[in-house]
Each structure stands twice: as structure tokens, then as C-alpha cells.
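Please consult the sequence and the structure shown below.

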Amino acid sequence: MSFLPKLFRTTTFRLSVLNLVLFATAAAVAIAYIYWNTSGLIARQLDGVIQAEIQGLAEQYRAGGMARLTKTVAERSQTPGESLYLVTDRNGRYIAGNLTSITPGLWNAVGQIEFVYQRRNGAESQNRLALANVFRLRGGYRLIVGRDIEERRAFERVILSAVLWGLGLMGLIGLGGGLLVSRNLLARIDKVTATSQTIMAGDLSERISVTGADDELDRLSESLNAMLDRIEQLMTGLREVSDNIAHDLKTPLNRLRNRVEDALRAKSGAADYRDVLERTIEEADDLIKTFNALLSIARLEAGTTEAARGQIDLAELVSDTVELYEPLAEESGMKLETRLLQKAHISGDRQLLGQALSNLIDNAIKYGRGQGKAQADPIVIDLKKRGDQFEIAVADRGPGIETRDRKRVLERFVRLETSRSRPGSGLGLSLAAAVARLHGGDIKLANNKPGLRVVITLPASGAADAAET
Ligand SMILES: Nc1ncnc2c1ncn2[C@@H]1O[C@H](COP(=O)(O)OP(=O)(O)O)[C@@H](O)[C@H]1O
Ligand SMILES: [Mg+2]
């Protein structure tokens, strides 16, 4: 039974009770008003009829005295109806009329009076209510002129019982309905509470059920679920980053520390110390770079960094980046070749897109050298528009990446066995992929036969839309 008080405390229930009270009051006022007017009208009509009756009899009396009055009353009493008459002598003895008996109250009354009389209806007689005027005439005679008002009383009774039943039923249905609706709502809210408790207990995958009624509670549940999705995504991202830090940054840090310790223990000269310190600085720089890249990826994937969106020309961006890498390519005996679309305006983050492209060109220079060739094939960078997408592709003629490894290398810290001898942290492709996804695009690795062809696709229209908002 502890369920009921909880139910009474719900907003829905309170609202339905308030609604009910307001409605019942309005209904009662309306009924009272109608009753008041109707009964007033009936009373006035009744009064009019009695007055007319009296008027008529008074004329007869004036014209023909007691005899004429008695005759008229006797005549009128013959016609069936609601009118009541009685003429008596000074002792109260019946002379004429359809009222058979006279009570002391009636006998002594002056003016208008309400009274109960007996009407014979075949064998049985019934008590009925009447309204009459009592007149004392010359010679002690009395004239009673009235009307049966039992009908009016019946009307009042009907109205009263209608009001009582109506209000009673309304209250019952209103309360019942309120309880039902509140219970339904309470059950759904309890479900939300239960789910949130499960989630708080640590199960982030739990979701609030949506009934499909598409009402405000469903909309609330949907937003809460969307929020939970986002939180779960952020938590997963956070967990991945901390895992990455634990596994992939601890090893180089330990290595760095051990080397410094070894150098100290060896007690060698200043020149050696200097050498070790320089290498330490170099490695610390690499660590910082890796750390920054890792943080960037995490932020990009969580969507917590707002891309500094601006209108940029991809053609210009690509040629600028290529220009930057030309010296490095030459140093490695490679050549960069561009095939660019004239204009490719999108809204995006110039810095991030430049970084992504740099990573691809850097990889092509590092890993994309064809084996056993005197003259290396050029690395081709092209920019195309296909449908409503721009495609930036970096293609080399090196060993490429096997189909089964193509998905894996996009993950953080993944470096293929063959590339371990080259400097790098395995974050370049992950960052490029995160940048592409942030711009609503994607990254694809394909076979360049031979070599690797990495394609970044960026939506042309979608990005422009994003710029407007
Ligand atoms: N152009 C390429 N040709 C062959 N292998 C590549 C190429 N680009 C990337 N890879 C492979 O993918 C791995 C991941 O690349 P990346 O994420 O940029 O890390 P990093 O360059 O630091 O090793 C590289 O270690 C390499 O094994
Ligand atoms: Mg790289």
C-alpha cells in the first residue's frame, strides 16, 4: 500500500485532482444557475395562474355574491387539473370545491401558504404539496384558491439527484482516471530511475527504454540516451588514451631513464655525458611529439576540439604542403608530382588538414621507395572532385601495405614489422583518419599496383553547409 501515497504525490495526480475540482465547481455553478432561473420561472408562472384564477373568482363574487361564487367554484372543480378550490362556511364546513378537507393550519392562514393535501386517486389517496391563497369573505365564509405543486417538488428532486449523481460520478471517474494516468507515468519514470541507477553502478551500456508513443517522456528518454551514447564514447576514448599512455609511452620513458642511469653509473667523462644528454633531449622531444599527437587524436575523436573552420582552397593547401616537403623528398632521392584541380573550396580546418596531408606525404617518402631501382618513381599527389566529394590522394610505388594490414595501420601506435627501422610512432595515419572524420570525410588505403595509394575524401557540399551554420 506504500504505492498509493507515492501515487498521490505525483504531479499528474495533483494536476488531475486540481482539474477535477475546478471542473466540478464550474459544473456546480452552472447547474445552480440553471436551477435558480428555472425554478424562479416556474414560481412566477404558478403565481400568475393563481392570480388569474383569483381575479376571475373575485369578478364572479362581485357580480353575483356568494351564490355565484359557489356555483363557479363547483363548476371549475369539475374540470380535472392542477387547480384547487374550496369554499367553506364560517364553521369550516364544506360548501364547494375539489379540496375535501381543511387543516387547522390552512383555516388560520392569511395570504399565501404551502401545505400538504390528500388527493384521491381511485381507491388510494396520496399526499401532495400545494400552494394556495386563503381569503376571508363577508359572513365568515372562506375561499381557498390554489394549485398542486407536487410536480415542482418532483422537478427539484430530479435536479438534486442529477447533481449529486453527476458530481459523484465525475469525481469517481476523475480520480480513477487520474490514478490510472499517474500510475502509468510513475511506472515509466520508475523505469528511467532504475536504468539510471544501473548506469551509475557502472554499466554504461544500459539504455532507457523508449515506448514508441513519441510523447514528451519518449523524447526525454531519447535525449538522455543520446547523452549516454556521447558519454560512453568519451569514456571509451579516455580509456584508450590512458591505455596508450600506459603501454606505448612507458617503454620509451623507461628506456630513456635507464640510459641516463647507465651513463651515471659508468662514471665516464664530460664528453660522454654530453653525448647522452643530447640523445636524451632528442628522445624527450620525440616523446613530446608523440604525446601531442596522441592528445590531438583523442580530442579529435571525442569531438571536444572545435575545428577552426574557415573557407579554404584545397588546391592551394595541397600545393603549399607539397612545396614544404620537396626538400625532404629530394634528400631521400624522391620526387613529388602534383595533379591538381583548379579550385576546391571547402570549409575546414587548414592546420589540421595540412597536418593530415603532411603525414601521408611523409609516409610516402619514408616507406614508398621502390626496391632496386636507380631512379625512384615519383610520388603522385592528386586532387579530384568525384560527385560531391573531394579526393586527395597520395600514391607511391613502394612495397605498399597488404590488404589484411590496411585497417590495422589506421589504429594508434600500429607500425608494420618492415618499418620498425624508420623513425616514427605509428600515430601518423591515425591522426589523418581522425582529421578526415572530423570533417565528415574518410580515409581509404588502396593498392597502387605497386605501392600504396592513400585517399582522403572530404564532402564538398556538407563542409560548405557546416560553414554556413
Ligand atoms: N606509404 C606507405 N608504404 C608502406 N607502408 C606504409 C606507408 N605508409 C604507412 N605505412 C605503414 O603504416 C604504418 C603506420 O603509419 P603511421 O601511422 O604514419 O606511423 P609511422 O609513420 O609513425 O610509422 C607505418 O609504420 C608503415 O608500416
Ligand atoms: Mg607516419
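Helices (H or I, at least four residues) and strands (E, at least two) are DSSP runs, numbered from the N terminus. In this predicted model, local features need pLDDT of at least 70 and side-chain atom pairs count only at pLDDT 80 or more, while totals for chains, interfaces and linings use all residues. Residues are numbered from 1 along each chain as its sequence is written, and chains are lettered from A and ligands numbered from 1 in the order in which they are written.

Within the shell around ligand 1, α8 gives the most, with 4 residues. Both α8 (350-367) and α9 (428-438) supply at least two residues of that shell. The residues around ligand 1 number 23, of which N363, R415, L416, G424 and G428 come nearest; a residue is near if its C-beta atom, placed from the backbone, lies within 6 Å of the molecule.

Helix α2 (residues 11-78) packs against helix α4 (residues 150-200) at an angle of about 170°, the axes being 9 Å apart; axes are lines fitted to C-alpha atoms over the stretch in contact, and angles run from 0 to 180 degrees between N-to-C directions. The two helices, α2 and α4, are therefore roughly antiparallel (over 145 degrees).

Strand β6 (residues 310-313) runs antiparallel to β8, joined by 4 bridges; two strands pair if DSSP finds at least two bridges between them. Opposite I346 in β8 stands I312.

Technical notes. Angles under 35 degrees count as roughly parallel, over 145 as roughly antiparallel, 65 to 115 as roughly perpendicular and the rest as oblique.
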